[in-house]
Amino acid sequence: MKTILLLLSSLFAVSAAGQAPPEKIVGGPFVVNVTGRNATIVWLVQSGEASVQPASGGAARVSPSVRVEKTTLTGLTPNTRYDYNVAAGDQAGKGSFKTPPGAGGYDFVVYGDNRTRHDVHRRVIATLLRHGIPDFVVQTGDLVSDGFDSSLWPLFFDIERDLLRQTAFFPALGNHERNTLLFREYFRKEKPYYSFDWGNAHFAVINSDIANVSAQESERDAFWAEQTRWLEEDLRAHQKADFRFVAAHHPPMTAVARRQGDNPHMTALMPMFEKYRVSAGLFGHDHNYQHYLKNGITYIVTGGGGAPLYDVDKPAEGITKRVMSVENFVSVHVEGKTAHVQTVSIDGTVIDDFEIHAPAPLPE
Ligand SMILES: [Fe+2]
């Protein structure tokens, strides 16, 4: 043990900053797990930092120590906007959110793959804010380029600050999160998959990143079997909702030629989407925009939140409605039995515009 410590100290000089900096909010506030009655407000506080550099010389890097603060509210009223402040007297702690309506219209936004090009991510969020603040956001994964890196989350939350402090946030786990427990800690999830209701819609958010579940194939298979069982039961139990949406990071199909066939586990779920009348699948991972209609199910890939763009060079014949290699987000307005979908590119241009209609209710 002593040898290892000596070796480490010869490789790196690690020093805590001499004078502890004052605590500051470096994430959020944002609101998760919002229902008509409950919500959890989360904010991340930087309480210290480490400056690290090779002992042999070279540039120092600073890595923050971040603490999660959260408070859970119960007894809320549906369809109500709440203002909050997590740091009395400090503008940085202010935010608001709205609880879902029992009936009536609402807006949500879907986007993903914000990692890597922070300036582009910032422009996507600026365009989104100009478009209008949604009631909630579904993020399709790859929030940061390495979920284990403590320095990347504050950067993500800094860019997203003015959006997340005004809405509710429902993220999916991407492969770049690397199955870090920070994801569940920050977003208050007991499992990497979950579902929620908003008005007349039901959303199931699953973890498609089986590669990072375990190094053991048997554990990966067991996880996928468990989650698939859960998803089927979840969809079966919500057949009375007007809309059912499934969100995940990896798409079941893609127009990116070099990535076709990469996600057979997701492709294998498509019959289940049809059986349980899923309105739309919402995905990311491929850094572009893709829209398909296959056997009555809408499939959307929106991975244009900042990561380097991919070509859409081989769209499938017969089912492709629109593909475009551009940064984007998807804005959905639900009113009664109609979901009006508009996809907006980074410069504010509407690049796709269509409706999804709720299926006829099942006979009692
Ligand atoms: Fe990805």
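Me: Which residues are the protein donors of the iron ion?
Reply: Keep in mind that this is a predicted model. The donors lie 2.1 to 2.2 Å from the iron ion. In sequence they're spaced D-x32-N-x73-H-x35-H. With their atoms, they are Asp142 (OD), Asn175 (OD1), His249 (NE2) and His285 (ND1).

Me: Where do His249 and His285 sit, and how many residues apart are they?
Reply: His249 is in the loop between strand E12 (243-247) and helix H6 (264-267). His285 belongs to the loop between strand E13 (280-283) and strand E14 (289-294). So the pair ties together distant parts of the chain, 36 residues apart.

Me: What is the arrangement of the 4 donor atoms around the iron ion?
Reply: Four donors count as tetrahedral if all angles lie between 85 and 135 degrees. Here the angles run from 85 to 168°, so the arrangement comes out as irregular.

Me: How do the axes of H2 and H3 run, roughly parallel or roughly perpendicular?
Reply: The axes of H2 (residues 118-131) and H3 (residues 152-164) come within 9 Å and cross at roughly 15°. Angles under 35 degrees count as roughly parallel. That makes the H2 and H3 pair roughly parallel.

Me: Which peptide bond is cis?
Reply: Most peptide bonds are trans. Pro29 lies in strand E2 (residues 24-32). With omega near 5°, the cis bond is the one from Gly28 to Pro29.

Methods. Residues numbered from 1 in each chain as written. Predicted model: local features only at pLDDT ≥ 70, side-chain atom pairs only at ≥ 80, totals over all residues. Heavy atoms only, no water. Axes fitted to C-alpha atoms, helices over the stretch in contact; angles between N-to-C directions. Helix = DSSP H or I, 4+ residues; strand = E, 2+ residues; numbered from the N terminus. Parallel < 35°, antiparallel > 145°, perpendicular 65-115°, else oblique. Donors = N, O, S within 2.8 Å, 3.2 Å for Na, K, Ca; no water. Tetrahedral: all angles 85-135°; square planar, octahedral: opposite > 155°, others 65-115°.
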